[in-house]
Amino acid sequence: MASATDSRYGQKESSDQNFDYMFKILIIGNSSVGKTSFLFRYADDSFTPAFVSTVGIDFKVKTIYRNDKRIKLQIWDTAGQERYRTITTAYYRGAMGFILMYDITNEESFNAVQDWSTQIKTYSWDNAQVLLVGNKCDMEDERVVSSERGRQLAEHLGFEFFEASAKDNINVKQTFERLVDIICEKMSESLDTADPAVTGAKQGPQLTDQQAPPHQDCAC
């Protein structure tokens, strides 16, 4: 039977040999920032330039290996429009990680990051981990949000930062793998300490003493 710690950080399945843990991850942000394309690039290694607005919420499953464990990722692609916000926030609870995304060519999507961050802290559980991602870094000629501004905002919010491109497949896999690593690190810390203060205290979706990886910036 799963312990309380296991059930909060993912579902430890002793009866199912297909995976050791299942992590629920949400991709959130304004409409048209590229959330669906980002998910399809990671899950299926595919990309289509056609924009189709996500209705409500959808998800894909991908299995990866980390630290000799088979981890099933249940990755939810959420709608960015205001009219779907109630549906979206209902899925926050139980998510172990969030990719909070904005479009580097869209100032409004960047300005909305703070509001999305507040929603995470309001509706998710205390130890949910978050990465801030500036998507579409292949569109350098249309950039309106500098890398430095993105990095500064991430630092202010306590998140690690990536710039990425679903189109050119830049930092897509790295983003997901870093998020999984952070979740695993926090899970390991909690299992080691078995201290309710670690898993139950209000810590906010951020890390301490974590350095962003050297490949965080867009190499385009």
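Ser117 is buried, with a relative accessible area of 0%. Buried here means under 20% relative accessible area, exposed means over 50%, and partly exposed lies in between (1.4 Å probe, protein chains only). Ser117 sits in helix α5, residues 113–123. Helices (H or I, at least four residues) and strands (E, at least two) are DSSP runs, numbered from the N terminus. Leaving aside residues up to four places away in sequence, Ser117 touches Leu100, Leu157 and Phe159. A contact means heavy atoms within 4.5 Å.

The model is predicted: local features need pLDDT of at least 70, side-chain atom pairs count only at pLDDT 80 or more, and totals for chains, interfaces and linings use all residues. Residues are numbered from 1 along each chain as its sequence is written, and side-chain values use heavy atoms, with hydrogens and water left out.

The protein contains 8 helices and 6 strands. Along the sequence they follow the pattern α-β-α-β-β-α-β-α-α-β-α-β-α-α. Of the 220 residues, 49% are buried. Among contacts with a separation of 6 or more, 75% join residues 24 or more positions apart. The accessible surface is about 10500 Å². Carbon and sulfur atoms hold 47% of that surface. These areas come from the Shrake-Rupley method with a 1.4 Å probe; for residues, only the protein chains shown count as cover.

The largest nonpolar core has 55 residues. A nonpolar core is a set of buried Ala, Val, Leu, Ile, Met, Phe, Trp, Tyr and Cys residues joined through side-chain atoms within 4.5 Å. Phe23, Phe38, Leu73, Phe98, Leu100 and Leu132 touch the most other members. Helix α7 (residues 172–193) gives the most to this core, with 8 residues. Leu100 is also one of the residues that Ser117 touches.

Strand β6 (residues 160–163) is covered on both faces. Glu160 and Phe162 lie on one side, Phe161 and Glu163 on the other, and all are buried. Strands β5 and β6 run parallel and are joined by 4 bridges. Two strands pair if DSSP finds at least two bridges between them. Leu131 stands opposite Glu160 in β6. Together, β5, α6 and β6 make a right-handed β-α-β unit. Right-handed means that, with the strands pointing away from the viewer, the path from the first strand over the helix to the second runs clockwise.

Charged side chains form another set of links. Side chains of opposite charge can pair when their charged atoms come close. A salt bridge is a side-chain nitrogen of Lys or Arg within 4 Å of a carboxyl oxygen of Asp or Glu. By this rule there are 13 salt bridges.

Asp181 and Arg66 form one of them, with their closest N and O atoms 2.6 Å apart. Asp181 lies in helix α7 and Arg66 in strand β2 (residues 57–66), so the pair ties together parts that are 115 residues apart in sequence. Asp181 is partly exposed, at 22% relative accessible area. Arg66 is buried, at 18%. Both residues belong to a network of salt bridges that links Arg66, Lys173, Glu177 and Asp181.

Lys136 and Asp103 form another salt bridge, 3.1 Å from N to O. Lys136 lies in the loop between β5 (129–135) and α6 (147–157), and Asp103 in strand β4 (residues 97–103). This pair links distant parts of the chain, 33 residues apart. Lys136 is partly exposed, with a relative accessible area of 21%. Asp103 is buried, at 4%.

Asp45 pairs with Arg41 in a salt bridge, the closest N and O atoms being 3.1 Å apart. Asp45 is exposed, at 52% relative accessibility, whereas Arg41 is buried, at 13%. Arg41 is among the buried residues of helix α2 (residues 35–44), which also include Lys35, Phe38, Leu39, Tyr42 and Ala43.

Backbone angles were also considered. Most residues other than glycine have a negative phi. Asp45, which follows α2, has a positive phi near 50°. Lys136 has a positive phi near 70°. Asn171, though not a glycine, has a positive phi of about 60°. Asn171 is placed in the loop between β6 and α7. Asn171 is buried, with a relative accessible area of 5%.
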